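Here is a short briefing on one protein model. Please keep the sequence and the 3D view open while you read.

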Amino acid sequence: MAELVDMAKLVSLCQRRGFIFPSSEIYGGLSSCWDYGPLGVELKQNVKKAWWRAIVQERGDMVGLDAGILMHPRVWEASGHLKGFSDPLVECKNCHLRWRSDELKGNVCPSCGGELTEPRMFNLMFKTFMGPTEEEASIVYLRPETAQGMFVNFENVVNTTRKRLPFGIAQMGKAFRNEITTGNFIFRSREFEQMEIEFFVKPDTAKQWFDYWVKERLGWYTGLGIKKENLKLRPHTKEELAHYAKECSDIEYLFPMGWSELEGIANRGDFDLVQHSKFSGKSLSYYDEETKEHITPYIIEPSAGVDRSVLAFLCDAYDEDIAEGEKRALLHLHPDLAPIKVAILPLSRKETLSPMSKEIYADLRRSFMTQYDDAQSIGRRYRRQDEIGTPFCVTVDFQSLEDKQVTIRERDSLRQIRLPIAELKKTLQTKLEGEDLFVLPPGGSVWKEGEASK
Ligand code: GAP
C-alpha cells in the first residue's frame with residue numbers, strides 16, 4: 001500500500017513557505033477558514049487554469065459562465081436545498097461539542113464520552129439579508145454550490161450560443177456551507193471553491209456520457225501528476241444517492257486521513273430543468289431539430305472542489321529524499337501547477353554577477369512566474385526552490401560573464417545543462433510544455449548535480 005503523507009508536515013510546509021495560512025491568524029484564526037498566501041494563490045490559480053483549459057478552451061462542446069453568488073431565493077426552493085440540504089446535528093450535553101450523528105461510530109460524545117442530544121436537522125445554507133432591512137422577506141442565501149447558476153441560465157446559453165445537444169456549461173467559483181464538522185486542513189471548510197460542469201445530453205445517451213465523464217475526469221488528475229494508485233472510483237449505493245441523482249460515483253483520493261471524496265460525478269436526470277420550469281413558470285425544454293420534438297435534457301454533472309484538488313496535488317507531490325548528502329523535502333508538482341516556474345540564482349552576491357542575473361530575471365519574468373534569490377549558499381537556495389516545487393533553477397556564475405552561458409538545474413532528476421543565454425527562454429518554454437527535458441539546444445552540455453559537466 002502507498003505510504004500516506006503526514007498531514008502535519010504538509011500543513012507546516014504550507015504555512016512556513018506561504019502557501020496557506022489560517023484565516024485572520026492575528027486574531028487567533030477563524031475555525032476552518034483559510035487564506036491562500038503568495039505561493040498558494042499561484043498554485044490554486046494554476047489548478048483552475050488547467051481545469052478551464054481542459055474543460056472549456058480545448059473543447060468545442062463547452063462554454064463558460066460566471067454567475068453570482070447571491071441568487072433569487074426561489075432558486076433554493078426549486079433545487080430542494082431549502083427543504084433538504086441538512087445534516088443531522090447532535091450536541092454533547094457535557095462539553096457542548098457538536099457532531100454530525102451520521103458520522104459518529106457510537107452514541108456518546110467522541111471527545112468526552114458525554115451523553116448526546118437527540119439529532120435535529122440543521123440546514124447548511126448561510127443566510128444573509130439583501131438591502132437595509134433584516135426581515136424575512138429580504139433573506140438571501142450564499143450559494144452552497146455553483147451548479148444552480150448554470151441551470152437557471154440554460155435558456156440564455158442556448159439562445160445566445162446556439163449550442164446543440166450534447167453540450168456543457170462550466171463554472172468555477174465560491175460556495176458556502178455551514179458544515180457541522182470541518183477539518184483535515186482545507187479538505188472540508190465552510191467557504192470553498194468548486195469547478196463544476198453541467199453537461200446536457202439526450203436522455204437515452206445519459207449513461208454513455210456518465211461513463212465518458214468518469215474516464216475524462218480521472219484522466220485529468222493523472223495527466224497533472226496524481227498517481228493512479230492514489231485514485232479510485234466509488235459508486236454510490238441507492239440509499240446514499242442525493243435526491244436529484246439517478247446515478248453517482250465519487251472520485252476518491254487517498255488523502256492523509258484515508259480515502260475521501262475529491263470529486264462527485266452524477267447523472268442528475270431532468271430533475272433540475274423540470275424543477276426550475278415548475279417554479280419559474282418558464283419552459284426550459286429544448287427543441288430537438290432531428291425529431292422535431294421538445295425534450296428536457298438529462299444532465300451529467302462532474303463536480304470538483306478546487307481546494308480539495310489543491311490538497312490532493314500537494315499530497316501527491318510531497319516527497320523527501322537525499323540530494324548531495326542533504327535531506328530535502330520537495331514537491332514534485334507538475335510544471336503547469338508549480339507556483340514558480342523558474343528561479344534565477346546568481347552563484348554569488350558579488351556585484352559583478354548581478355547585472356547579468358537581473359537582466360535574465362527581467363526577461364524571463366515576462367513569460368513565466370520567476371523568482372530571484374541570491375541569499376545564502378547555492379545548495380540552500382536549490383533546496384528552498386525544491387521545497388516549493390520550482391521545476392527549474394537557472395544559475396549564473398563567473399564563467400557566464402565570459403561565455404554568455406548559464407546552467408539550468410532540473411528539480412526531479414537533478415540534471416543540469418549549460419546553454420547559451422540566447423537559447424534560455426525558448427528552452428525553458430519547451431521544457432515547461434513537457435518536451436524531453438534534456439534534448440540539448442545548440443551549444444549546450446549536460447551533467448548531473450554533483451558531477452562534472454560533459
Ligand atoms: N453540485 C453538486 C455538488 O455540489 P457535492 O458532492 O456536494 O456536489 C462537490 O460537492 C465537490 O465540492 C466535492 O466533491 C468537494 O470536492 C467539494 N466540496 C463540497 N463540500 C466541501 C467543503 N465543505 N469544503 C471543501 N470542498 C467541498
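Contact here means heavy atoms within 4.5 Å. The model is predicted.

**Helix α1 and its cover**

- Helix α1 spans residues 7-16, and its buried residues are Met 7, Leu 10, Val 11, Leu 13 and Cys 14. These residues lie on the same side of α1, because they cover an arc of only 160 degrees around the axis.
- An α-helix has 3.6 residues a turn, so residues three or four places apart point the same way.
- Which elements cover the buried residues of α1? Among them are two helices, α9 (306-317) and α11 (378-387). The strands β1 (20-22), β17 (318-323) and β18 (326-331) also take part.
- At the start of α1, Asp 6 places a side-chain oxygen within 2.9 Å of the backbone nitrogen of Ala 8.
- Gly 18 follows α1 and has a positive phi, near 85 degrees.

**Strand β9 and its partners**

- Strand β9 covers residues 167-176. Eight of its 10 residues are buried, so the strand is mostly covered.
- Strand β3 (residues 62-65) runs parallel to β9, and four bridges join them. Within this pair, Gly 168 of β9 stands opposite Met 62.
- Strand β10 (residues 191-201) pairs with β9 in the antiparallel sense, over 10 bridges. Here Gln 171 has Glu 196 in β10 as its bridge partner.
- Strands of a sheet pair through backbone hydrogen bonds, either parallel or antiparallel.

**The open three-stranded sheet**

- Three strands form an open sheet in the order β5-β4-β6, with antiparallel pairing. The edge strands are β5 (98-100) and β6 (120-123). Each has a single partner strand, so one side of each is left without a neighbour in the sheet.
- Neighbouring strands of this sheet are turned against each other by 50 degrees on average, direction ignored.
- Four bridges link β4 (residues 86-91) to β6 in the antiparallel sense. Pro 88 stands opposite Met 121 in β6.

**Backbone exceptions**

- Most residues other than glycine have a negative phi, and most peptide bonds are trans.
- Leu 165 and Pro 166 are joined by a cis peptide bond, with omega about -5 degrees. Pro 166 sits in the loop between α6 (154-161) and β9.
- Arg 162 lies in the loop between α6 and β9. Its phi is positive, about 55 degrees, although Arg 162 is not a glycine.
- Is Arg 162 buried or exposed? Arg 162 has a relative accessible area of 63%. The cut-off for exposed is over 50%, so Arg 162 counts as exposed.
- Ser 24 is a residue other than glycine with a positive phi, near 50 degrees. Ser 24 belongs to the loop between β1 and β2 (34-36). With a relative accessible area of 34%, Ser 24 is partly exposed.

**Salt bridges**

- How many salt bridges does a search of the whole structure find? The search finds 41.
- Arg 59 and Asp 61 meet through their side chains in a salt bridge, at 2.8 Å from N to O. Both Arg 59 and Asp 61 are buried.
- Arg 164 forms a salt bridge with Glu 289, with the closest N and O atoms 3.6 Å apart. Arg 164 lies in the loop between α6 and β9, and Glu 289 in the loop between β14 (286-288) and β15 (293-295), so the pair ties together parts that are 125 residues apart in sequence.
- Arg 164 is partly exposed at 36% relative accessibility. Glu 289 is also partly exposed, at 43%.
- Lys 202 forms a salt bridge with Asp 288, and their closest N and O atoms are 3.2 Å apart. Lys 202 lies in the loop between β10 and α7 (206-223) and Asp 288 in strand β14, so this pair ties together parts that are 86 residues apart in sequence.
- Lys 202 is partly exposed, with a relative accessible area of 21%. Asp 288 is buried, with a value of 6%.

Methods:
Residues are numbered from 1 along each chain as its sequence is written. This is a predicted model: local features need pLDDT of at least 70, side-chain atom pairs count only at pLDDT 80 or more; totals for chains, interfaces and linings use all residues. Side-chain values use heavy atoms; hydrogens and water are left out. Buried means under 20% relative accessible area, exposed over 50%, partly exposed in between (1.4 Å probe, protein chains only). Two strands pair if DSSP finds at least two bridges between them. The arc is that of the directions from the helix axis to the C-beta atoms. A polar contact is a pair of N or O atoms within 3.5 Å; within protein, one must be able to donate a hydrogen and the other to accept it, and residues adjacent in sequence count only if both atoms are side-chain atoms. Axes are lines fitted to C-alpha atoms, for helices over the stretch in contact, and angles run from 0 to 180 degrees between N-to-C directions. A salt bridge is a side-chain nitrogen of Lys or Arg within 4 Å of a carboxyl oxygen of Asp or Glu.
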